[in-house]
Amino acid sequence: AKPVAKGTNRARAKPPKNECASVAFAPDGALLLAGRTDGAVTLFDTRTWEPVRTLDWRVGELQAVAFAPDGTRAAAVGTKGKVVVWDVE
């Protein structure tokens, strides 16, 4: 892949309705997780930058989202002290 010059905008996804608290790319770069301040997680396809699905685990305001190293699972943690791990399909 061609390196991006410092500060160069590579792509833009439609912003979620609420502010993003955390983002994470899948290891293969095909998906992006955006954890929102309202507690929902939006999964984006990085080829089109369109949302694939939005999930709400009711864990409070999201603090962080992450993918497992193999990309098959993802996790989110919120202000209610709960961590949710799910299979990425």
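In what sense do strand 6 and strand 7 pair, and over how many bridges? The two strands pair in the antiparallel sense, over 5 bridges. Within this pairing, Ala75 has Val85 in strand 7 as its bridge partner. The model described here is predicted.

The overall make-up comes next. The protein has 7 strands and 0 helices. Read from the N terminus, its elements run β-β-β-β-β-β-β. Of the 89 residues in the protein, 35% are buried. The accessible surface comes to about 5900 Å². Carbon and sulfur atoms account for 51% of that surface. Contacts between residues at least 6 apart in sequence were also examined, and 26% of them join residues at least 24 apart.

Strand 6 also pairs with strand 5. Strand 5 covers residues 62-67 and strand 6 covers residues 73-78. Their pairing is antiparallel and extends over 5 bridges. Phe67 stands opposite Ala74 of strand 6. The two strands belong to a hairpin with 5 residues between them. In this hairpin, Gly71 takes a positive phi near 75 degrees.

Together, 3 strands make an open sheet in the order 5-6-7, with antiparallel pairing. Strand 5 and strand 7 (83-87) stand at the edges of this sheet. Each has a single partner strand, so one side of each is left without a neighbour in the sheet. From one strand to the next, the twist averages 15 degrees. In a regular strand, side chains alternate between the two faces of the sheet.

Strand 1 spans residues 20-25 and strand 2 spans residues 31-36. They run antiparallel and are joined by 5 bridges. Val23 stands opposite Ala34 in strand 2. There are 5 residues between the two strands of the hairpin. Gly29, in the turn, has a positive phi of about 80 degrees.

Charged side chains were considered next. The count comes to 3 salt bridges. One of them joins Arg36 and Asp38, with the closest N and O atoms 2.8 Å apart. Arg36 has a relative accessible area of 10%, so this residue counts as buried, the cut-off being under 20%. Asp38 has a relative accessibility of 34% and counts as partly exposed.

Another salt bridge links Arg47 to Asp45, where the closest N and O atoms are 2.9 Å apart. Asp45 is buried, with a relative accessible area of 14%. Asp45 lies in strand 3, which covers residues 40-45. Setting aside residues up to four places away in sequence, Asp45 touches Ala30, Leu31, Glu50 and Val52.

Arg58 counts as exposed, at 60% relative accessibility. Asp56 counts as partly exposed because its relative accessibility is 39%, and this class lies between 20% and 50%. The backbone of Arg58 is involved with Asp56 as well. The backbone nitrogen of Arg58 lies 3.0 Å from a polar atom of the Asp56 side chain.

Where does Asp56 make contacts, not counting residues up to four places away in sequence? Asp56 touches Gly39 and Ala40. Ala40 falls within the span of strand 3 (residues 40-45). Asp56 and Asp38 are 18 residues apart in sequence, and their C-alpha atoms are 8.7 Å apart in space.

How values were computed. Residues are numbered from 1 along each chain as its sequence is written. This is a predicted model: local features need pLDDT of at least 70, side-chain atom pairs count only at pLDDT 80 or more; totals for chains, interfaces and linings use all residues. Side-chain values use heavy atoms; hydrogens and water are left out. Two strands pair if DSSP finds at least two bridges between them. Helices (H or I, at least four residues) and strands (E, at least two) are DSSP runs, numbered from the N terminus. Contact means heavy atoms within 4.5 Å. A polar contact is a pair of N or O atoms within 3.5 Å; within protein, one must be able to donate a hydrogen and the other to accept it, and residues adjacent in sequence count only if both atoms are side-chain atoms. Axes are lines fitted to C-alpha atoms, for helices over the stretch in contact, and angles run from 0 to 180 degrees between N-to-C directions. A salt bridge is a side-chain nitrogen of Lys or Arg within 4 Å of a carboxyl oxygen of Asp or Glu. Buried means under 20% relative accessible area, exposed over 50%, partly exposed in between (1.4 Å probe, protein chains only). Accessible areas come from the Shrake-Rupley method with a 1.4 Å probe; for residues, only the protein chains shown count as cover.
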